[in-house]
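Have a look at the model first, then follow the notes below.

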Amino acid sequence: MRILFTIIFLIPLRVYSQSSSFDFHSSESIKKFADHLFCEGDYLRAIEQYELINQKLDNDTIGFKVMLGYSELGLYSKSNALFESCNYESVFYPDCYLLSLKNELILEKHEFEYPSIPSFDSSQWKSFGRLFAISMLYSDEPVVPKEEFLPIFDKDEQSTVSLLYDYRFEPPYKSPSLAGILSAIIPGSGKMYVGEWGDGITTLLTTSLFAFLAYDNFRADHTTRAWIFTGLGAFFYAGNIYGSVASAQIFNARIDFEFNDGLKLFLEQKNYFLPEYDFCK
């Protein structure tokens with residue numbers, strides 16, 4: 001019985017007394033815990049721990065990880081607010097700068113300044129060049145010709161970038177005015193112009209049918225029915241013009257959406273041309 005008591009109570013007590021000398025609240029202990037949280041992807045709790053010790057340790061790595069953590073959480077403005085506190089002499093300053101450019105692209109701030117940062121290495125200059133080039137795709141007019149734009153990117157990226165360039169500066173828009181005029185001349189032709197062949201043919205047949213019924217009833221002196229069919233025909237005719245204009249506008253909005261969505265997907269696949277940071281080795 002005494003042996004069992006010793007095992008259950010005294011041994012744990014001894015272990016605790018030995019471990020009690022470990023300071024869980026020291027800066028190094030908090031940093032280790034924060035590093036663990038960061039590597040687990042628990043960025044919010046990691047940031048909370050880092051901020052407890054950042055001023056005490058004055059660690060550039062911690063400052064960059066906090067900035068990166070906010071960006072990973074989607075708090076891009078908060079991440080960029082920390083850029084001002086990045087040490088210009090730090091090895092992480094170029095990474096802070098590139099991360100701030102990524103954040104600005106996501107926040108739709110597309111006017112970059114060309115930096116004079118001697119600490120940029122060749123790969124970082126390349127990343128900056130591609131981010132700077134991507135920002136040009138948000139301008140209303142091409143800043144540089146396509147033949148000068150594409151070589152900025154790698155060979156395997158150029159086909160996608162070429163499509164994005166064309167979609168931005170030579171989008172296959174449809175003219176709403178032309179769609180309306182075509183449908184005014186031949187009902188349904190405006191729908192066909194924007195690629196909606198099924199709706200266009202249906203509109204043509206429906207409007208033609210009511211026009212024929214109105215004409216036939218006027219010829220047969222059935223004026224009441226003739227005016228009913230005339231009213232229906234006029235309603236479908238006006239709706240066909242309005243619908244064609246609206247279809248062209250929707251088509252153009254879809255082009256813009258496909259450009260923005262395609263560019264966002266491309267940048268996400270390329271991680272916005274930033275390196276993969278591995279702080280968990």
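Helix α2 (residues 27-39) has 13 residues and reaches 18 Å from its first C-alpha to its last, close to the 18 Å expected at 1.5 Å a residue, taken times one less than the number of residues. Helices here are DSSP runs (H or I, at least four residues), numbered from the N terminus. This is a predicted model: local features need pLDDT of at least 70, side-chain atom pairs count only at pLDDT 80 or more, and totals for chains, interfaces and linings use all residues. Residues are numbered from 1 along each chain as its sequence is written, and side-chain values use heavy atoms, leaving out hydrogens and water.

**More on α2**
- Its buried residues (under 20% relative accessible area, 1.4 Å probe, protein chains only) include Ile30, Leu37 and Phe38.
- After α2 comes Gly41, with a positive phi near 85 degrees.

**Helix α10**
- In α10 (residues 176-185), Ala179, Gly180 and Ser183 are buried.
- They share the same side of α10, because they cover an arc of only 95 degrees around the axis, going by directions from the axis to the C-beta atoms.
- Ser177 and Ile185, both exposed (over 50% relative accessible area), sit on the face turned away from that buried side.

**Rings**
- The whole structure holds 22 aromatic pairs (Phe, Tyr or six-membered Trp ring centres within 6.5 Å; planes under 30 degrees apart are stacked, over 60 edge-to-face, the rest tilted).
- Trp125 and Phe128 pair edge-to-face, 6.1 Å centre to centre with 85 degrees between the planes.
- About one helical turn separates Trp125 and Phe128, because they are 3 residues apart in α7 (residues 122-136).

Key. Helices (H or I, at least four residues) and strands (E, at least two) are DSSP runs, numbered from the N terminus.
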